[in-house]
Amino acid sequence: MSQSDPWLPLESPRLLLRDWRDEDLPAFAALNADPRVMAFLPARLDRAQSDALAARIRAQIRERGFGWWALEVAGVAPFVGFVGLSVPQFQAHFTPCVEISWRLAAEHWGRGYATEAARLALTYGFDRLGLSEIVSFTTRANQRSRAVMARLGLRHDPADDFDHPSLPPGHPLRPHVLYRASPRDRPAR
Ligand SMILES: CC(C)(COP(=O)(O)OP(=O)(O)OC[C@H]1O[C@@H](n2cnc3c(N)ncnc32)[C@H](O)[C@@H]1OP(=O)(O)O)[C@@H](O)C(=O)NCCC(=O)NCCS
C-alpha cells in the first residue's frame, strides 16, 4: 500500500480496510480451510497455499497501490477477511476490468461488514482511481455474494453471464454471473 496515498487505509466508524500484517495469516488460513467459506470457490486451501495467496495479494497491493485489503472490525477482530479491488488476469468479454471481491470468515457473516467495506472500496475506485466501471462476478449459485452485489446497487444483465475460463466445461462452478457498477452508482462518502 502506498504510504503516500492520503486515502489509505479506508475507514468507516466500525471498519478498517488496511494493508496486511503477518499476524493475519493464521486467521486467513482458517477461513481458507473452512468448507462454508469455500463452498463456491474451486478448492479449500491448506496453510501453505493460504500463505502463498496472502503473499500474492500483498505483492499486488505493493505493485498497484490497491488490492484485496485486510478487513479489521473495531472492537471485534483485527482480521475478519478481505475486501478490495483487483485486475482479473483471464480474458472474457468484459476484460480488461477492475473487479471488487470479498471473502469473510463465516463467524463474521450476517453483520453487514462485506457490504459496508465494499462501499468504501467502490468509492475509492471511482473517486480516487477515476475508474469508469467496476465489476463483480461469482458462480451463479453463490446467493450470499450476489446479495452483496444487489445491496450495493450493482446491475446484473443476464446477457453478461459467462463461463469462467479457468474452470473446465461441465464444472459445477463454471457458470458465472457478472454485475456492473458505474460512477453514478457511487455511494456517498
Ligand atoms: C459473500 C460474503 C462476503 C457475504 O457475507 P454476508 O455477511 O452475507 O454479507 P454482509 O456482510 O453484507 O452482511 C449482510 C447481512 O448482514 C445483516 N446485517 C446485520 N447488521 C447489519 C448492518 N449493520 N448493516 C447491514 N447489514 C447488516 C443483513 O441483514 C444481511 O443479513 P442476511 O444475510 O440475513 O440478509 C460471505 O458469505 C463470504 O465471505 N462468502 C465466502 C466467500 C465468497 O463466496 N466470496 C465471493 C466469491 S466470488
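Predicted model: local features only at pLDDT ≥ 70, side-chain atom pairs only at ≥ 80, totals over all residues.
**Exercise 1. The shell around the ligand**

Find how many residues surround the ligand, and state which elements supply at least two residues of the shell.

Solution. 
Step 1. Applying the 6 Å cut-off gives 18 residues around the ligand. The closest are Trp 109, Gly 112, Ala 114, Thr 115 and Thr 138.
Step 2. Strand S5 (99-104), helix H3 (113-128) and helix H4 (143-152) each supply at least two residues of the shell. S5 gives the most, with 4 residues.
Step 3. Sorted by type, the shell has 8 nonpolar, 7 polar and 3 charged residues.

**Exercise 2. Helix H3**

Decide whether H3 is mostly covered or mostly open, and compare its reach with the expected one.

Solution. 
Step 1. Of the 16 residues in H3, 12 are buried, and the helix is mostly covered. Among the buried residues are Tyr 113, Ala 114, Glu 116 and Arg 119.
Step 2. From its first C-alpha to its last, H3 reaches 22 Å, close to the 22 Å expected at 1.5 Å a residue.
Step 3. Just after H3, Gly 130 has a positive phi of about 70°.

**Exercise 3. Helices H1 and H2**

Describe how H1 and H2 pack, and name the residues that meet.

Solution. 
Step 1. H1 (residues 25-32) and H2 (residues 47-64) pack at an angle of about 120°, and their axes are 9 Å apart. The crossing is right-handed.
Step 2. From H1, Leu 25, Phe 28, Ala 29 and Asn 32 meet Arg 47, Ser 50, Asp 51 and Ala 54 of H2.
Step 3. These contact residues divide into 4 nonpolar, 2 polar and 2 charged.

Note on methods:
Residues numbered from 1 in each chain as written. Axes fitted to C-alpha atoms, helices over the stretch in contact; angles between N-to-C directions. Left-handed = near helix turned anticlockwise from the far one by under 90°. Contact = placed C-beta atoms within 7 Å. Nonpolar A, V, L, I, M, F, W, Y, C, P; charged D, E, K, R; others polar. Expected span 1.5 Å × (residues − 1). Buried ≥ 20, exposed ≤ 12 C-beta atoms within 10 Å, placed from the backbone.
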